[in-house]
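The sequence and the three-dimensional model are shown first.

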Amino acid sequence: MYHEVKSNFFYLIHPLPGILITSIGKNNNPNVMSASWITPISINPPLISISLRPERYTYELIKETGDFAINIPDYSLRKAVFICGRYSGRKINKFKKSNLTPIPAKKIRSPIVKECLAHIECTLERIIDLPADHHIIIGRVQYAQAHEEFFKNTYIPEKFKPLLYFGKDIYGTIDTYEHIKPEEF
């Protein structure tokens, strides 16, 4: 039997990847926040979108300096990702609190997270100011890198344990996968 899930409809498309977004202000203080509402929207030009509340400190910093990075953690960083979603960078240094290390990015001013297995560096392309509680930030990918041990043309499932966010402070990873071959059909 089904039941209505109107107020939490968005959890029906979870789990989503648990990621870290890094930004920096004009004062050069780096910031990191956790997020999961993210999607690629174009290959050419390379565009990716994140959905953020406009009152978030990260949103303010992205508007201020015009760039951000998407950092892809694995399951081992679940507690750090949780911390980065619980506190505001306006009040504390979340890098310190979560034991993460900001390091220089290749093409943008915002840092990347050393402990993450992949990074996508973006410049701000556009903000879609919706009449809603979240706005859409579109980033143009300037540079992307992944640790070769975990990523070739895709992630290597035998080695990479993605951090998945189910909602309501529940994190997990995958334990089963299958490479389906089209010639089998």
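The text below treats the pockets, a helix, the strands and some backbone features in turn.

The model is predicted: local features need pLDDT of at least 70, side-chain atom pairs count only at pLDDT 80 or more, and totals for chains, interfaces and linings use all residues. Residues are numbered from 1 along each chain as its sequence is written, and side-chain values use heavy atoms, with hydrogens and water left out.

**Pockets**

A pocket is an open set of points on a 1 Å grid over the protein atoms alone, where a 1.4 Å probe fits, with protein on both sides within 12 Å along at least five of seven lines; lining residues have an atom within 4 Å of a point. Grid points are joined across faces, edges and corners, and a volume is the space filled by probe spheres set on the points. Nonpolar residues are Ala, Val, Leu, Ile, Met, Phe, Trp, Tyr, Cys and Pro, charged ones are Asp, Glu, Lys and Arg, and the others, Gly among them, are polar. Helices (H or I, at least four residues) and strands (E, at least two) are DSSP runs numbered from the N terminus.

The largest pocket has a volume of about 890 Å³. Its lining comprises 33 residues, and those nearest the centre are Met-33, Ser-34, Arg-56, Gly-85 and His-134. At least two lining residues come from each of strand 3 (30–35), strand 5 (47–52), helix 1 (57–65) and helix 2 (78–86). Helix 2 contributes the most, with 5 residues. The lining of this pocket has 14 nonpolar, 11 polar and 8 charged residues.

The second largest pocket holds about 500 Å³ of space. It is lined by 22 residues, with Ile-38, Pro-40, Ile-48, Ile-72 and Ile-120 closest to its centre. Strand 4 (38–42), strand 5, strand 6 (67–72) and strand 10 (135–146) each give at least two residues to this lining, and strand 4 gives the most, with 4 residues. By class, the lining of the second largest pocket has 19 nonpolar, 3 polar and no charged residues.

**Helix 2**

Within helix 2, the buried residues (under 20% relative accessible area, with exposed meaning over 50% and partly exposed in between, for a 1.4 Å probe and protein chains only) are Ala-80, Val-81 and Cys-84. They cover an arc of only 100 degrees around the axis, taken from the directions from the helix axis to the C-beta atoms, and therefore lie on the same side of helix 2. An α-helix has 3.6 residues a turn, so residues three or four places apart point the same way. The elements covering these buried residues include strand 2 (19–24), strand 3, helix 3 (94–98) and strand 12.

**Strands**

Two strands pair if DSSP finds at least two bridges between them. An open sheet of 3 strands has the order 1-11-12, with antiparallel pairing. Strand 1 (16–17) and strand 12 (170–172) are at the edges with a single partner strand each, so one side of each has no neighbour in the sheet.

| Strand pair | Bridges |
|---|---|
| Strand 11 and strand 12 | 3 bridges |
| Strand 6 and strand 9 | 6 bridges |
| Strand 9 and strand 10 | 10 bridges |

Gly-167 stands opposite Ile-170 in strand 12. Asp-67 faces Thr-123 in strand 9, while Ala-118 is opposite Ala-146 in strand 10. A hairpin of 6 residues connects strand 9 to strand 10.

Ile-127 belongs to strand 9 (residues 118–128) and is partly exposed, with a relative accessible area of 21%. Leaving aside residues up to four places away in sequence, Ile-127 is in contact (heavy atoms within 4.5 Å) with Tyr-59, Lys-63, His-135, Ile-136 and Ile-137. The C-alpha atoms of Ile-127 and Ser-51 are 9.7 Å apart, although 76 residues separate them along the chain.

**Backbone features**

Most residues other than glycine have a negative phi, and most peptide bonds are trans. The bond from His-14 to Pro-15 is cis, with omega near 10 degrees, and Pro-15 lies in the segment before strand 1. Asn-44 and Pro-45 are also joined by a cis peptide bond, with omega about 5 degrees; Pro-45 is in the loop between strand 4 and strand 5.

Asn-99 has a positive phi near 60 degrees. This residue lies in the loop between helix 3 and strand 7 (102–103) and is exposed at 64% relative accessibility. Lys-168 has a positive phi of about 55 degrees, sits in the loop between strand 11 and strand 12, and is exposed at 56% relative accessibility.
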